[in-house]
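Subject: The two-chain model, and what I found in it

Hi,

Here is the structure I promised to send over. Have a look at it first, then read my notes below.

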Amino acid sequence: MKALLSLYGITKKYGEITALNGVNLEILEKDLLAIIGPNGAGKTTMLKIMAGIETPTKGKIIYKGRQITHNFDVIRRNFTMVFQKTVVFNTTVFNNVAYGLKIRGIPKNEIKSLVDEALELVKLEGYENRQAKKLSGGEQQRVALARALVLRPEMLLLDEPTANLDPKTTSIIEEVINYANRELGTTVVIATHNMFQVQKIAKKAALILNGRIIEKGTIEEIFLKPSLVMTNFAGFENVFVGNAKPTGKGTALIELGNGLEIEAAIEKSGKVTVYVRPEDVIVSKIPLESSARNVLKGRIIEVSDSGQVVRLKVDAGKVITSQITRRSFEEMKLNVGTEVFLTFKASSVHVA
Amino acid sequence: MVSEIFEGLRRAIEMIISGNPAVIDATLRSLYVSGTATLLALVWSLPIGIIIGSKNFRGKRLLKGTFNALLGIPTVGLGLILYLMFSKSGPLGMFHMLYKPTAIIIGQAILITPIMVSFSANAIEAVGTEVKDLAKTLGASEAEASMAVLREALPGVTLAVIASFNRAIAELGIALMLGGNIAGLTRVLTTSIALETTRGNFELGIALTIILLLIVFSLNFAVNMLKREQT
């Protein structure tokens with residue numbers, strides 16, 4: 001495989017703040033690379049530089065063997081980026097998706113069929129004449145994805161494309177990303193802090209912390225040496241490092257520190273990294289009697305509202321994040337300080 | 001007095017329906033003068049608004065603050081300053097613009113510049129860099145991306161234009177001081193209303209006021225419809 005884009009010693013400064021610090025990264029054609037890192041690590045800046053909408057303070061960008069210094073048009077014409085905060089033009093869905101095609105001077109009838117095809121891909125057939133701004137967040141993000149893919153970009157850059165979206169939209173978007181990579185041969189770079197997503201869709205991963213890439217490799221390489229890499233994930237949502245002891249009944253008890261112990265549906269022993277999807281953590285005000293093996297007691301320490309869903313950070317010895325619907329949040333009258341029980345199945349504990 | 005008002009109102013409506021020449025003359029001149037002033041102001045205000053709304057530069061806050069401060073400039077004050085500039089011995093006296101429609105047009109254009117700049121800068125700023133980045137990543141050039149931003153800000157810019165026109169057509173100070181209220185030459189709605197009222201010609205004053213209100217209200221109504229369309 002040939003390198004599509006290479007970054008050498010890329011540094012980006014905003015005044016006093018260094019967002020990226022000497023980043024080296026090579027992206028091969030047809031790669032599906034995940035850039036993982038906590039908020040503020042430099043993921044977005046890196047994607048914007050790769051998309052040609054931000055200029056690095058220092059460093060070299062090589063596109064197909066050619067160094068790009070000032071004229072980023074070639075990158076902008078061939079790569080497209082989908083932003084974390086969905087932006088739609090204040091017009092119809094059709095005009096949104098057709099924007100890039102119109103700029104490229106594609107004939108009208110061709111635009112029509114390309115837009116139809118793209119909308120079908122993201123399961124928004126028949127939405128052409130709807131006003132994009134009046135759609136739900138998930139639908140808007142799918143419009144954004146269709147608008148990018150309709151251009152058949154060589155590289156698709158996605159900045160946390162499923163953050164704060166409902167599970168159904170998330171799975172549609174993940175499917176489309178996979179389709180683009182596998183069937184259309186689109187190179188994909190996806191910034192995320194959703195470990196589950198990384199394991200599910202990416203082929204390679206690069207870990208970024210404080211503007212530096214500290215680890216890169218195939219998914220297997222990255223996730224098989226959790227002791228080395230994953231300890232750096234401190235501060236990631238629901239990623240913990242602990243000691244596993246098999247119970248002999250097909251599960252293992254994992255000691256996470258601070259007296260917190262959870263059960264996972266895997267027989268493993270020794271140091272492990274575990275991850276629980278925030279959507280899989282059920283919140284209740286009284287302990288639930290259920291088949292789920294893990295029931296933890298804690299207190300809500302942070303509530304972040306992102307539209308249809310609400311994310312709760314609960315201190316249960318370790319901070320565990322739960323994602324619930326806005327409706328449940330309101331009906332249960334939850335708030336910072338509320339004492340709650342967290343319930344999740346042993347099979348929801350992903351162990352690396 | 002109350003019956004006088006009603007009588008005035010009745011005769012005013014008659015005047016409007018029958019197409020009284022004085023009413024029509026003042027109305028058309030008002031529309032012409034303030035419409036031209038609005039277009040003229042747009043020529044320089046929109047580029048300034050785009051720059052303030054989309055670029056970062058030294059002194060931007062000061063410039064924005066200055067335009068905001070000038071939003072409520074008293075028309076008589078501006079009228080006086082321009083009168084001194086346009087009068088025979090003033091620095092612009094050689095153009096002989098005083099007491100001609102041109103003087104009112106220029107005066108009103110200056111008057112509404114802060115409104116147009118502030119409102120359009122805010123509208124463009126609200127669209128933000130996101131739309132620009134979006135357009136660029138979809139392959140737009142710098143110029144095409146700016147166009148995309150302007151298109152998104154269009155409802156806000158339209159509001160700016162309409163608010164400016166309303167301010168221009170409803171002001172009295174500049175039209176009176178620079179135009180001189182000369183019948184058939186510089187007499188506009190507001191100056192006529194002032195004159196007819198002092199003369200005791202209430203029905204004509206009321207008729208002109210009704211027209212002025214109709215213009216302002218229907219534009220505001222259009223603005224509200226436009227706003228509702230947006231949300």
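Let's start with one residue pair: in chain A, Y63(A) stands opposite R66(A) in β5(A). The strands involved, β4(A) and β5(A), pair in the antiparallel sense over three bridges.

Before going further, some housekeeping. This is a predicted model, where local features need pLDDT of at least 70 and side-chain atom pairs count only at pLDDT 80 or more, while totals for chains, interfaces and linings use all residues. Residues are numbered from 1 along each chain as its sequence is written, and chains are lettered from A and ligands numbered from 1 in the order in which they are written. Helices (H or I, at least four residues) and strands (E, at least two) are DSSP runs, numbered from the N terminus. Two strands pair if DSSP finds at least two bridges between them.

**The first sheet**

β4(A) and β5(A) belong to an open sheet of four strands in chain A, in the order β2-β1-β4-β5, with antiparallel pairing. Its edge strands are β2 and β5 (66-68) of chain A, each pairing on one side only. From one strand to the next the twist averages 25° (axes are lines fitted to C-alpha atoms, for helices over the stretch in contact, and angles run from 0 to 180 degrees between N-to-C directions).

Working through the other pairings: strand β1 (residues 3-14) of chain A is joined to strand β2 (residues 17-28) of chain A by eight bridges, running antiparallel. Here S6(A) stands opposite E26(A) in β2(A). The hairpin of β1(A) and β2(A) has two residues between the strands, and G15(A) takes a positive phi near 65° there. β1(A) is also joined to strand β4 (residues 58-63) of chain A, by five antiparallel bridges, and the bridge partner of T11(A) in β4(A) is K58(A).

Six bridges join strand β11 (residues 239-246) to strand β14 (residues 270-276), both of chain A, in an antiparallel arrangement. N243(A) stands opposite K271(A) in β14(A).

**A covered helix in chain A**

Helix α5 (residues 137-149) of chain A has 13 residues and reaches 18 Å from its first C-alpha to its last, close to the 18 Å expected at 1.5 Å a residue (the expected span is 1.5 Å times one less than the number of residues). Is α5(A) mostly covered or mostly open? Mostly covered: twelve of its 13 residues are buried, among them G138(A), R142(A) and L145(A). Buried means that 20 or more other C-beta atoms lie within 10 Å of the residue's own, exposed means 12 or fewer, and partly exposed is in between, with C-beta atoms placed from the backbone. The buried residues of α5(A) pack against β6 (79-82), α3 (93-103), α4 (108-121), β7 (155-159) and α6 (167-183) of chain A.

I173(A) counts as buried because it has 23 C-beta neighbours inside 10 Å. Not counting residues up to four places away in sequence, I173(A) touches Q141(A), R142(A), L145(A), P161(A) and T162(A); contact means C-beta atoms, placed from the backbone, within 7 Å.

**Chain A overall**

Chain A has ten helices and 20 strands, and its C-alpha atoms fill a box of roughly 60 × 45 × 40 Å along the principal axes. Buried residues make up 43% of its 352 residues.

In chain B, helix α1 (residues 2-18) has 17 residues and reaches 24 Å from first C-alpha to last, close to the 24 Å expected. Just after α1(B), G19(B) takes a positive phi of about 75°.

As for the contact between the chains, 13 residues of chain B meet 17 residues of chain A. On the chain B side, α5 (101-137) and α6 (142-170) each supply at least two residues, and α5(B) gives the most, with six.

Cheers

Definitions and conventions
Two residues are in contact if their C-beta atoms, placed from the backbone, lie within 7 Å.
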